[in-house]
Amino acid sequence: MTTTGHPTALRCAHKVNPLGVAPDWVRFSWELEGTGGRRQRAYQVHVEPDEPPQIGGETAAWDSGRVDSPASVDVPCRAPALKRGARYTWKVRVWDEAGTVSSWSEPASFEVELDPVTGWQASWIGLAPTLEPFIDPAKLHSDRVTRALAPSPYLRREFSVAKPVTCARLYMTALGLYEARLNGSKAGDAVLTPGWTDYAQRVLYQSYDVTELLRQGDNVVGAVLADGWYSGFVGFDPKRAGAHYGTAPELLAQLVIHFDDGTEECVVTDGKWCGQFGSIRHADLLMGEYHHMPREPRGWDSPGFDATGWQDVQRRERDGRWLVADPGPPVRIVEEIAPRSIARDRAGRFIVDFGQNLTGWLRLRVDGPEESHVCIRHAEVLAADGTLYTENLRTARQADEFVTPGGTATFEPRFTLHGFRYAEISGYPGDLDPADVAARVVHSDLPATGQFECSQAWLNQLFRNIDWGQRGNSISIPTDCPQRDERVGWLGDAQIFARTACYNRDAAAFFSKWLDDVADAQFPSGAFPDIAPRMHLDFAGAPAWGDAGVVIPWTLHKMYADTGILERHYSSMTAWMDFLERDNPDWLRSRNLGNSYNDWLSPGDDDTPPELLATAYWAYDAALMAEIAQAIGRDDDAADYRALMAKIQSAYADAFVSADGQVASGTQTAYALSLHVQLIPDDLRESAAGHLVDAIARAGWRLTTGFVGVGYLLPVLSSNGHTSVAYRLLEQDDMPSWRYMVDHGATTIWERWDGWTEERGFQAPVMNSFNHYALGSVGEWLYRFVLGIEPAPGKAGFSRITLRPHPGGQLSWALGSYQSRWGLISSEWRRDGGAFSFRVRVPPGVTGSVHVPSSDPYEVRDFRGNQPVAIAGFPGAAGAREAVFDVGPGVHQFAGPALAEEPYV
Ligand code: BGC
C-alpha cells in the first residue's frame with residue numbers, strides 16, 4: 001500500500017532551525033519523504049516552547065489542529081503571541097488523500113528575534129581610532145589611502161560563571177564588521193558579520209549558541225572590529241572615499257546565560273569592557289588587510305591574559321536604529337581551492353593561478369625569519385606579459401600584506417574580500433610550496449539547488465560560470481561585481497538574474513533580506529532606488545532597475561510560493577506603482593526615468609527607445625501586481641492592476657507596434673520585451689516573433705541585447721516557435737555571445753560581451769569586470785526550456801509542475817535537476833538517431849504534466865503504460881506537436897520519435 005510521505009526537511013522562514021526570526025516571518029515548510037504516491041490532504045503543526053523553559057521563560061504552546069490543506073510550503077504560524085527571545089520546537093504530521101496519517105516529523109526549532117528596541121540592554125562600545133601603535137609608516141606604503149584606514153580594535157570583557165549552565169546565547173552586532181570571540185575561540189562560522197544594511201536605519205545581529213564555549217570560573221568574551229561597509233571604502237564615489245555611514249566601528253553584544261537553577265545572567269557591552277589595537281594595521285573591504293603579526297596580543301581573548309595597558313572603551317547609549325536578527329544566510333568560507341599552477345614573473349614574484357575566478361582571500365603559510373614583509377595582490381585576469389591585470393579594479397587595491405612573526409605562521413585575512421583568479425605574492429621568504437597556499441572561497445552561503453549537464457562541454461562550462469557569477473556576487477547583498485571599487489546592490493542586475501539565481505541556489509532567505517534593504521532605500525515619492533543599500537546616492541526610478549521592487553518579490557513567490565514576502569512589501573510596491581502613474585497620465589512611461597540605463601551595455605548603439613523599455617516594464621509591473629494582489633486575496637486591487645495593464649497595453653500598441661507586428665526601433669530587446677510582457681496583440685504575435693528572427697538574422701545570427709533584453713531573448717524565442725534560433729544564438733561563438741567568453745577562458749560571466757576580444761584585447765578598464773552576473777540570466781532558459789522544469793502555468797511554486805524539454809541545437813542529451821521546496825525535480829532527455837527519450841522525477845506530493853515533443857506524438861510511449869491526456873501543439877517549434885501526460889510522484893520514462901531536426905532556420 002502506498003502511504004503519504006513522511007514530513008522532513010523542516011524549514012522556518014526559509015531556514016533550518018533559525019536562531020533569530022521576526023515573529024511575523026515565522027512560516028513553515030516541509031518536504032514529504034518516501035515513495036508515497038498520494039498527495040497531502042491535511043496537516044497539523046504543533047509549536048511548543050522550550051521544555052522546561054530555558055530560553056524565554058513561560059510561553060504558550062500552539063497547535064494548528066488538523067488543517068485541510070495540501071500546502072507544505074508557506075504555512076503560517078497562527079500562534080497568538082510568539083514571545084520575543086524565546087525558543088520553540090515544532091513538528092508536523094500530514095494526512096494523505098486516503099485519510100492515513102503520517103507519524104510526527106522529527107522536531108525542528110526556531111528562536112524569536114529579540115525586540116528590536118527593548119530587547120537590548122547593551123551599549124555601543126568602541127575605541128578612538130589611532131595609528132599610534134603602528135609607528136613604522138615607512139613599511140606601510142603610507143599614502144592617502146592607507147592613512148585613511150584605521151587599525152582594528154580588539155575588545156574584551158572578563159566575567160565568571162559560578163553555576164551549571166543549561167544554555168547560552170551570544171547576540172552580537174557591529175557598526176562595521178566584527179568577529180566574535182569567546183574563551184579563545186571564534187563563535188560560529190560566519191564571516192563579514194553583521195552584513196550590509198542601511199546602518200542608519202537597520203542593523204542586523206547574529207545569534208550564537210555558545211553553550212559549549214563557556215566554562216565554570218573565569219571566561220572572556222571579546223570581538224575584533226573592522227570598518228567594513230560602515231566606515232570603510234565602499235562603492236565608487238571618490239567624494240566619499242570611505243566612511244559612508246560613520247567614522248569608526250562600534251560593537252554591541254549581549255551574552256545571555258541560562259543556568260540549571262532557572263536563573264539567567266546577562267553580560268553586555270558596557271563600560272566594563274577594555275580594548276587595544278592588535279596586529280591588524282588595517283582591514284578594508286576594497287583595499288585589503290594588513291597584519292603586523294609580531295604585534296598580535298596572544299591569548300587576549302582567553303582568561304588569564306594580562307590586559308594591563310588596555311584602554312577603557314568609549315561607550316554610547318543605543319539610539320533609534322532597528323536591531324533585527326539577520327534573516328539572510330551567513331557569509332561563510334565555503335570552499336578551499338588549491339593552486340592550479342605557480343609561476344614566477346620577471347621580478348621574481350610568485351603568480352598563483354587558482355583556475356577559477358572567485359571571491360575570497362588567500363591562506364598562506366610561511367616559515368622564515370621575523371619581519372619579512374609579504375604582499376599579496378589579487379586580479380581576475382593576467383596581462384599579456386603574465387603579470388596581474390589590475391587596471392579594471394579602478395581604485396580598489398585588493399592587496400593584503402603581512403609582516404611575519406618568525407618561524408612558522410599562517411596568514412589569513414578576515415575583514416576584506418577580493419575578486420580574483422590570480423594572486424601575486426612578493427616578499428615571501430623561500431620557495432612557495434603549493435601546499436602552503438590556498439584560495440578560500442567566501443560568499444553568502446546559498447545552498448546549491450540546480451544542476452545542469454549536457455553533451456556540449458562548453459555549455460557545461462557556461463553553466464558553471466553562471467553559478468560562480470552568482471556565488472561571487474552574493475555577499476550579504478546581490479552585488480554587481482566583487483572586485484573593483486563598486487560592489488553595490490544594483491537593482492537592475494539583480495532583477496534580471498533573480499529567476500536564474502533561484503534555480504541555481506536557494507536564494508529565498510538571501511533576497512528576503514535584501515528586499516528589506518530595497519524597502520529601506522525607497523524614496524518618499526515611492527520611487528525605488530537604483531541601488532540598495534543606497535548609501536548617500538539619490539539614484540532612483542530607473543526603468544528595469546527600480547522595477548526590481550516588484551519583479552523580485554514576484555519571483556520569490558513564483559519559486560517558493562512565498563506570500564509572506566508579498567504581504568510584507570505590498571505597500572512599497574503600491575507606492576512604486578502610484579509613483580509611476582502619477583507622472584504618466586497618458587499610460588506611456590516617458591517622464592521621471594531617473595538615470596535611465598536603458599538596455600545597459602547592449603553591443604553597438606543602444607537604439608531601444610527609453611520610453612519603450614520603460615513602458616514595457618510598467619506594463620510588466622502591472623501584470624505582476626495583478627498576480628501579487630490576487631495571491632494575497634486583494635481581489636479589487638488585482639482587478640485595478642489588470643485594468644491598468646490593459647490601458648498601458650493599448651497605449652503601447654498605439655505608440656510602438658505597427659499594424660504588421662513591427663515594434664518601434666526594431667531592436668531585439670524591443671521585440672523580446674514586447675513579446676515577454678504580452679504587449680503585442682494576439683493576432684500579431686506570430687509576425688512580431690518573425691520580425692525578431694529577422695532582426696537576429698540581420699545581426700548575423702548574433703544577439704544585440706544588453707543587461708535587460710538578454711534575460712528575455714531565448715525564453716521569448718522558445719515560447720514563440722523559434723527554439724532553433726534560440727539554440728543558434730546560444731551556440732554562436734563569435735562575439736557577442738556567451739560562447740565567446742567561454743572559449744576565451746572565462747570562468748565567470750563577464751560584464752561586457754567584449755570584455756576581451758582577440759582584435760582589441762581588454763575593453764576600457766574604467767568599466768570592465770570579469771564577474772558580473774546579468775548576462776548569465778540565460779541560466780533561466782537552460783532550466784525552464786532546455787530541461788523544461790517550471791511551475792505549471794498560473795501556479796506559484798512547484799506543487800504542480802510542467803516538464804517540457806526543448807531539445808535542439810547540437811545537444812544530443814541534457815540532464816539536470818532542481819531541488820525545489822517540494823523536493824527534487826529532475827529531467828533527462830536524449831536524442832539518438834530518430835528517437836527521443838525523456839525521464840523525469842516528480843517529488844512526493846507533487847503532480848505535473850509531462851510534454852514530450854515528437855514528430856509523431858501518437859507514437860510516444862509512457863513506460864508505465866499510461867495514455868497521453870492530450871496531443872497538442874509544441875510551442876517551441878512552428879508546427880511541431882507534443883504528447884502530454886499527467887503524472888504523479890516518482891520516476892517516469894517516455895520514448896518516441898524525435899522532433900524533426902530543424903535546420904538552422
Ligand atoms: C554597474 C552595473 C549597473 C550599472 C547601472 C554599473 O556601473 O556595474 O552593473 O547596473 O552601473 O547602469
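Helix 13 (residues 723-731) has eight of its nine residues buried, so the rest of the structure largely encloses it. Here, buried means under 20% relative accessible area, with exposed over 50% and partly exposed in between, using a 1.4 Å probe and protein chains only. Helices (H or I, at least four residues) and strands (E, at least two) are DSSP runs, numbered from the N terminus. All of this comes from a predicted model, in which local features need pLDDT of at least 70 and side-chain atom pairs count only at pLDDT 80 or more, while totals for chains, interfaces and linings use all residues. Residues are numbered from 1 along each chain as its sequence is written, and side-chain values use heavy atoms, with hydrogens and water left out.

The buried residues of helix 13 are Thr723, Ser724, Val725, Ala726, Tyr727, Leu729, Leu730 and Glu731. Their cover includes helix 3 (457-472), helix 11 (685-698), helix 12 (710-719), helix 14 (738-743), helix 15 (779-787) and strand 41 (823-832), contact being heavy atoms within 4.5 Å.

Leu730 turns up again in the largest nonpolar core, which has 194 residues; Leu462, Phe511, Leu714, Leu717, Leu730 and Trp781 have the most contacts inside it. Such a core is a set of buried Ala, Val, Leu, Ile, Met, Phe, Trp, Tyr and Cys residues joined through side-chain atoms within 4.5 Å. Helix 8 (residues 610-631) supplies the largest share of this core, 13 residues. Leaving aside residues up to four places away in sequence, Phe511 touches Pro478, Ala498, Ala501, Cys502, Ile552 and Leu556. A second, separate core of 28 residues includes Ala174, Ala180, Leu214 and Leu251.

Helix 7 (residues 564-583) packs with helix 5 (residues 508-521) at about 15°, their axes 11 Å apart. Axes are lines fitted to C-alpha atoms, for helices over the stretch in contact, and angles run from 0 to 180 degrees between N-to-C directions. Helices 5 and 7 are therefore roughly parallel, a term for angles under 35 degrees, with over 145 counting as roughly antiparallel. On the helix 5 side, Ser512, Leu515, Asp516 and Ala519 meet Ile565, Arg568, His569 and Ser572 of helix 7.

Helix 6 (residues 548-560) is the other partner to look at: its axis comes within 9 Å of that of helix 7, and the two cross at roughly 155°. Helix 6 and helix 7 are therefore roughly antiparallel. Gly549, Val550, Pro553, Trp554, Leu556 and His557 of helix 6 make the contact with Ile565, Leu566, Met573 and Trp576 of helix 7.

Methods. Parallel < 35°, antiparallel > 145°, perpendicular 65-115°, else oblique.
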